[in-house]
Amino acid sequence: MDGNLSHLFPISIEEARKFVRESPKLFYHNISVDIVIIGYHERSLKVLLEKPQFSAHEWMLPGGYIRRNQTAEEAAQKVVQDRTRLKGLTLQQYMVYSAPERTWGKQNNIRKLLENAGIEIDDDFWMFDKFLTIGFFALTEYAQVKPSGDLYSEECKWFSLDEMPPLIFNHRQMIADALHRLRHHVVFHPIGYSLLPVKFTLPEIQSLYETILGKKLDARNFAKKLTNLGIIVKTNETRNIGAHRSPYLYMFDKVRYDEFLEQNEALIL
């Protein structure tokens, strides 16, 4: 067996042994976080996925364990920041998953990595047990993200919702549940500040809402609703998109946007 872990992740064999010895006291057992990170690009919703080390073909949602000095929200925020290289993205907790089969068992990536380095681990090691996971979703502007994996993943990249690869556990259902919650959320709260560029056209924000809701919206009523509420404001700038076509650009009024997030009125009827 290879005692050098450098080709897999940048820790020494001594650090790996220390992790096995000390990690049971550092993390909560049997609970984790998984995050559906959603972006919007070319009129399509995208989800950020990562491919675990040693996985033949399955992908997974970004996730991680919760340290004893963290809240679940802090652990989830750390995962999001590590995968996107962005700070302060808004998280929404939407469900807890506790199916009995939620365990890696001997297929655990960390076990394979450590055993490849010559470190044997007992079958009752805390990471091999059943885990319930807290599901969060986060919205982010696609173009701002620099997808980054962690120590245990080979690759991290965006996938369109209609082009999902094979996923581990119930992660496909978790994505479907997050999208369902997002569709409910968009009816009551403005969506777009995290998904669109700073300046956008009315057709662009309408296309975003139509993509999320999966239905066509009346363009005139939609624009009137958002402008009357003061959520978006018209700028003096235009974008040249073709002959005799230079629509005005709009921006979110962040103050009004945040105020509306705290209200409970229907945004779109």
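Reader: Which residues does glycine 149 touch, if I'm not counting those up to four places away in sequence?
Author: Setting aside residues up to four places away in sequence, glycine 149 touches Arg83 and Cys156, where contact means heavy atoms within 4.5 Å. Please keep in mind that this is a predicted model, in which local features need pLDDT of at least 70 and side-chain atom pairs count only at pLDDT 80 or more, while totals for chains, interfaces and linings use all residues. Residues are numbered from 1 along each chain as its sequence is written, and side-chain values use heavy atoms, with hydrogens and water left out.

Reader: Where is glycine 149, and is it buried, exposed or partly exposed?
Author: Glycine 149 sits in the loop between strand 5 and strand 6 (153-160); helices (H or I, at least four residues) and strands (E, at least two) are DSSP runs, numbered from the N terminus. Its relative accessibility is 36%, so glycine 149 counts as partly exposed, given that buried means under 20% relative accessible area, exposed over 50% and partly exposed in between, with a 1.4 Å probe and protein chains only.

Reader: What about strand 5 itself, how many of its residues are buried?
Author: Strand 5 (residues 132-139) has seven of its eight residues buried, so it is largely enclosed by the rest of the structure.

Reader: Which strands does it pair with, parallel or antiparallel?
Author: Strand 5 pairs with strand 1 (residues 27-41) in the parallel sense over eight bridges, and six bridges join it to strand 4 (residues 91-97), with the two running antiparallel; two strands pair if DSSP finds at least two bridges between them. Alanine 138 in strand 5 stands opposite isoleucine 37, and leucine 91 also stands opposite alanine 138.

Reader: Switching to the core, which residues touch the most other members of the largest one?
Author: The largest nonpolar core has 39 residues, and Val36, Leu49 and Ile205 touch the most other members; such a core is a set of buried Ala, Val, Leu, Ile, Met, Phe, Trp, Tyr and Cys residues joined through side-chain atoms within 4.5 Å. Helix 4 supplies the largest share of this core, six residues. Not counting residues up to four places away in sequence, valine 36 touches Val47, Leu61, Tyr94, Phe136, Phe137, Ala138, Met174, Ile175 and Ala178. Another core, of 19 residues, lies apart from the largest one, and Ala76, Val80, Leu86 and Leu89 are among its residues.

Reader: Since helix 4 came up, at what angle does it pack on helix 5?
Author: Helix 4 (residues 171-188) and helix 5 (residues 202-213) pack at an angle of about 135 degrees, with their axes 9 Å apart, the axes being lines fitted to C-alpha atoms, for helices over the stretch in contact, and angles running from 0 to 180 degrees between N-to-C directions. That makes helix 4 oblique to helix 5, because angles under 35 degrees count as roughly parallel, over 145 as roughly antiparallel, 65 to 115 as roughly perpendicular and the rest as oblique.

Reader: Which residues meet there?
Author: From helix 4, Leu182, Arg183, Val186 and Val187 meet Tyr209, Ile212 and Leu213 in helix 5. By class, this contact has six nonpolar, no polar and one charged residues; Ala, Val, Leu, Ile, Met, Phe, Trp, Tyr, Cys and Pro count as nonpolar, Asp, Glu, Lys and Arg as charged, and the others, Gly among them, as polar.

Reader: And how do helix 5 and helix 6 pack?
Author: Helix 5 and helix 6 (residues 219-229) pack at an angle of about 100 degrees, with axes 11 Å apart, which makes helix 5 roughly perpendicular to helix 6. Leu202, Ile205, Gln206 and Tyr209 of helix 5 make the contact with Ala219, Phe222, Ala223 and Leu226 of helix 6.

Reader: One last thing, what's phi for arginine 43, and is that residue buried or exposed?
Author: Arginine 43 has a phi near 60 degrees, a positive value in a residue other than glycine. Most residues other than glycine have a negative phi. Arginine 43 lies in the loop between strand 1 and strand 2 and is exposed, with a relative accessible area of 64%.
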